[in-house]
Amino acid sequence: MEKEKEIATERIEILFKEAANVFKKSAERANRYVELARKIAMKARIRMPGRLKRKFCKHCHRYLQPGVNCRVRNHKSRIIYYCINCKKHTRFQLRK
């Protein structure tokens, strides 16, 4: 059981690396990699690592590249990611 979760985490990491590499060439393929990573996480019943949660939109599940298809802002000890595709935002609390 523990080995399966470890393998799933490795695959999720690989998919996000590939999404970052292929985003400039094909945004749709990067979105597909994010979709596959989410499905793996749900199937294995593991949480998406915190640093990867910020790399996709919670609403439309697309890969986010700051400055290209999302805006990143600081406001009152929060980081706000605004997705240009679905026009929604996600807020992350900054730790002290």
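Which residues does Val72 touch, not counting residues up to four places away in sequence? They are Pro66, Ile79, Ile80 and Tyr81. The legends below refer to a predicted model.

View 1. Val72 is found in strand S1. With a relative accessible area of 33%, Val72 is partly exposed; this class lies between the limits of 20% for buried and 50% for exposed. Beyond four places in sequence, the contacts of Val72 include Ile79, Ile80 and Tyr81, together with Pro66. Val72 and Arg91 are 19 residues apart along the chain, and their C-alpha atoms are separated by 9.8 Å.

**View 2. The three-stranded sheet.** The strands form an open sheet in the order S1-S2-S3, and the pairing is antiparallel. Strand S1 (70–74) and strand S3 (89–93) are the edge strands, each pairing on one side only. On average, neighbouring strands of this sheet are turned by 20° against each other, direction ignored. Strands of a sheet pair through backbone hydrogen bonds, in either a parallel or an antiparallel sense.

**View 3. Strands S1 and S2 with their turn.** S1 and S2 run antiparallel and are joined by five bridges. Within this pairing, Arg73 stands opposite Ile80 in S2. The two strands form a hairpin with three residues between them. Lys76, in the turn, has a positive phi of about 50°.

View 4. Strand S2 (residues 78–83) pairs with S3 in the antiparallel sense, over five bridges. Tyr81 has Thr90 in S3 as its bridge partner, and Tyr82 has His89 in S3. A hairpin is formed by S2 and S3, with five residues between them. In this turn, Lys87 has a positive phi of about 60°.

View 5. Thr90 has its place in strand S3. Its relative accessible area is 16%, so Thr90 is buried; the limit for this class is under 20%. Leaving aside neighbours within four places in sequence, Thr90 is in contact with Ile79, Ile80 and Tyr81, and also with Lys58 and His59. One of these contacts, Tyr81, is the bridge partner of Thr90.

View 6. The structure holds three aromatic pairs. Phe23 and Tyr63 form one of them, a tilted pair with 5.6 Å centre to centre and 50° between the planes. The pair of Tyr81 and Phe92 is edge-to-face, with 5.6 Å centre to centre and 90° between the planes. Because Tyr81 lies in strand S2 and Phe92 in strand S3, this pair ties together parts that are 11 residues apart in sequence. Both Tyr81 and Phe92 are buried.

**View 7. Phe23 and Tyr63, an aromatic pair between two loops.** A pair of aromatic rings is described by the distance of the centres and the angle of the planes. For Phe23 and Tyr63 the angle is 50°, and the pair is tilted. Phe23 lies in the loop between H1 and H2, and Tyr63 in the loop between helix H3 (50–53) and S1, so the pair ties together parts that are 40 residues apart in sequence. Phe23 and Tyr63 are both buried.

**View 8. Helices H1 and H2.** The axes of helix H1 (residues 2–22) and helix H2 (residues 27–44) come within 8 Å and cross at roughly 170°. H1 and H2 are therefore roughly antiparallel to each other, a class that takes angles over 145 degrees. The residues of the contact of H1 with H2 divide into 14 nonpolar, no polar and four charged. On the H1 side the contact includes Lys5, Ala8, Arg11, Ile12, Leu15 and Phe16, as well as Glu18, Ala19 and Val22. On the H2 side the residues include Arg29, Ala30, Tyr33, Val34 and Leu36, along with Ala37, Ile40, Ala41 and Ala44.

Technical notes:
Residues numbered from 1 in each chain as written. Predicted model: local features only at pLDDT ≥ 70, side-chain atom pairs only at ≥ 80, totals over all residues. Heavy atoms only, no water. Pairing = 2+ DSSP bridges. Helix = DSSP H or I, 4+ residues; strand = E, 2+ residues; numbered from the N terminus. Axes fitted to C-alpha atoms, helices over the stretch in contact; angles between N-to-C directions. Buried < 20%, exposed > 50% of the residue type's maximum accessible area, 1.4 Å probe, protein only. Contact = heavy atoms within 4.5 Å. Parallel < 35°, antiparallel > 145°, perpendicular 65-115°, else oblique. Nonpolar A, V, L, I, M, F, W, Y, C, P; charged D, E, K, R; others polar. Phe/Tyr/Trp six-rings, centres within 6.5 Å; stacked < 30°, edge-to-face > 60°.
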